[in-house]
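Please open the structure and keep it beside you while you read. My comments come as numbered points, each about one part of the chain.

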Amino acid sequence: MITGKIHGVSLGPGDADLITLKGLKTLQNADKIYYPGSLFKDGVKSSYSLSILNQYNLDSEKLQGFYLKMDLERVDAKLIYETTFQQILADYNKGLSIAIVSEGDISTFSSFSYLLEKIQAHNLAIDLIPGISSYLHLASESKMPLCLQNEKVVVIPRIQTKEELQEAIDNFDTVVLMKIISVVDLISSVIDHTKHNITYAERLGTDKQFITNSWATANQRETPYFSLIIIKKINQ
């Protein structure tokens, strides 16, 4: 029986040039490319991954999106993942080369992981191609080492409480906060500008990229979904 091959491809944080050579070659050689997107309450669809893919002059006929509703409960997510997996399985059994993409790194806060679980449960052949995450990109853009020697780093998505953030700051040299759109006030209540260097960024790798070391400036902006902050202790 002829079977295909599945590749998980990291696209990087947004700049189309930040994909790996292996990742780009895989996309160019793939028969089918699956990409994630968001479905909003008003029915509007949006895909950050697709905006990156569109810069590679790929055949649009081989692009297939799967869109998830933007709510914390993700009520319909399981159905979308199962439906998408069944489409991937059908392509696999036809002997096609399949790529499933994710912005950033495919193993870090990626919706791909839910598909990976199903792929592995069915013992399908797959390989993963790593990529550059947004916080690594921000460290480079800021010309700032994320960590040195024995320094400790923690990455936290959607911090929940003031106490959780304070504990992270007390116990780690560098704290990376992702998905901060709903917790800006919480961050403001904890940051001590005499003890911490702050780097805020939004829409990295796009023409709307914005970076500042001033939390006062960042706090006045309308925070988008693709935003993050690095909090680094000032060595006394």
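1. This is a predicted model. Start with Lys-118, which is partly exposed because its relative accessible area is 23%, between the 20% and 50% cut-offs. Its partner is Glu-82: the two form a salt bridge, with the closest N and O atoms 2.9 Å apart. The pair links distant parts of the chain, with Glu-82 in helix H3 and Lys-118 in helix H4, 36 residues apart. Glu-82 is partly exposed too, with a relative accessible area of 30%.

2. How many salt bridges does the structure hold? The count is five. Another one of them joins Asp-91 to Lys-32, and here the closest N and O atoms are 3.1 Å apart. Asp-91 lies in helix H3 (residues 77-93) and Lys-32 in strand E2, so this pair ties together parts that are 59 residues apart in sequence. Are the two partners buried or exposed? Asp-91 is buried, at a relative accessible area of 5%. Lys-32 is buried as well, at 19%.

3. Next, look at Glu-202 and Arg-203. Their side chains meet in a salt bridge (3.6 Å, N to O). Glu-202 counts as buried, at 2% relative accessibility. Arg-203 is partly exposed, with a relative accessible area of 30%. Arg-221 belongs to the picture too: Glu-202, Arg-203 and Arg-221 are linked in a network of salt bridges.

4. Stay with Arg-203 and check its backbone. It has a positive phi of about 50°, although it is not a glycine. Where does Arg-203 lie? It sits in the loop between strand E9 (196-202) and strand E10 (210-212).

5. Asn-123 counts as exposed, because its relative accessibility of 68% is over the 50% cut-off.

6. Now turn to strand E5, residues 97-102. The strand is mostly covered, and six of its six residues are buried. Which way do the residues point? Ser-97, Ala-99 and Val-101 point one way, while Ile-98, Ile-100 and Ser-102 point the other way. All of them are buried.

7. Strand E5 has partners. Strand E1 (residues 5-10) runs parallel to E5, and six bridges join the two. One place to look is Lys-5, whose bridge partner in E5 is Ser-97. Strand E2 (residues 32-39) also pairs with E5 in the parallel sense, over three bridges. There, the bridge partner of Tyr-34 is Ile-100 of E5.

8. Lys-62 needs a careful look. You will find it in the loop between helix H2 (48-53) and strand E4 (63-69). Lys-62 is buried yet has no salt bridge. Which side chain of opposite charge is nearest to Lys-62? It is Asp-59, 6.5 Å away. Leaving out residues up to four places away in sequence, Lys-62 touches Leu-27, Gln-28, Ala-30, Asp-31, Lys-32 and Ile-33. Lys-32 is the residue that forms a salt bridge with Asp-91.

9. Ser-110 lies in the loop between E5 and H4. It counts as buried, at 7% relative accessibility. What does Ser-110 contact, leaving aside its neighbours within four places in sequence? The answer is Ser-102 and Asp-105. Ser-102 is one of the buried residues of E5. Asp-31 is another matter: its C-alpha atom and that of Ser-110 are separated by 22 Å, and the two residues are 79 apart along the chain.

10. Ile-181, Tyr-225 and Phe-226 make a nonpolar surface patch of about 260 Å². Ile-181 is in the loop between strand E8 (174-178) and helix H7 (184-190). At 44% relative accessibility, Ile-181 counts as partly exposed. A patch residue needs over 30% relative accessible area, so Ile-181 passes that cut-off.

Note on methods:
Residues are numbered from 1 along each chain as its sequence is written. This is a predicted model: local features need pLDDT of at least 70, side-chain atom pairs count only at pLDDT 80 or more; totals for chains, interfaces and linings use all residues. Side-chain values use heavy atoms; hydrogens and water are left out. Buried means under 20% relative accessible area, exposed over 50%, partly exposed in between (1.4 Å probe, protein chains only). Helices (H or I, at least four residues) and strands (E, at least two) are DSSP runs, numbered from the N terminus. Two strands pair if DSSP finds at least two bridges between them. Patches are made of residues with over 30% relative accessible area and no salt bridge: like charges are joined within 9 Å, nonpolar side chains (Val, Leu, Ile, Met, Phe, Trp, Tyr) within 5 Å. Accessible areas come from the Shrake-Rupley method with a 1.4 Å probe; for residues, only the protein chains shown count as cover. A salt bridge is a side-chain nitrogen of Lys or Arg within 4 Å of a carboxyl oxygen of Asp or Glu. Lys and Arg count as positive and Asp and Glu as negative; His and the chain ends are not counted. Contact means heavy atoms within 4.5 Å.
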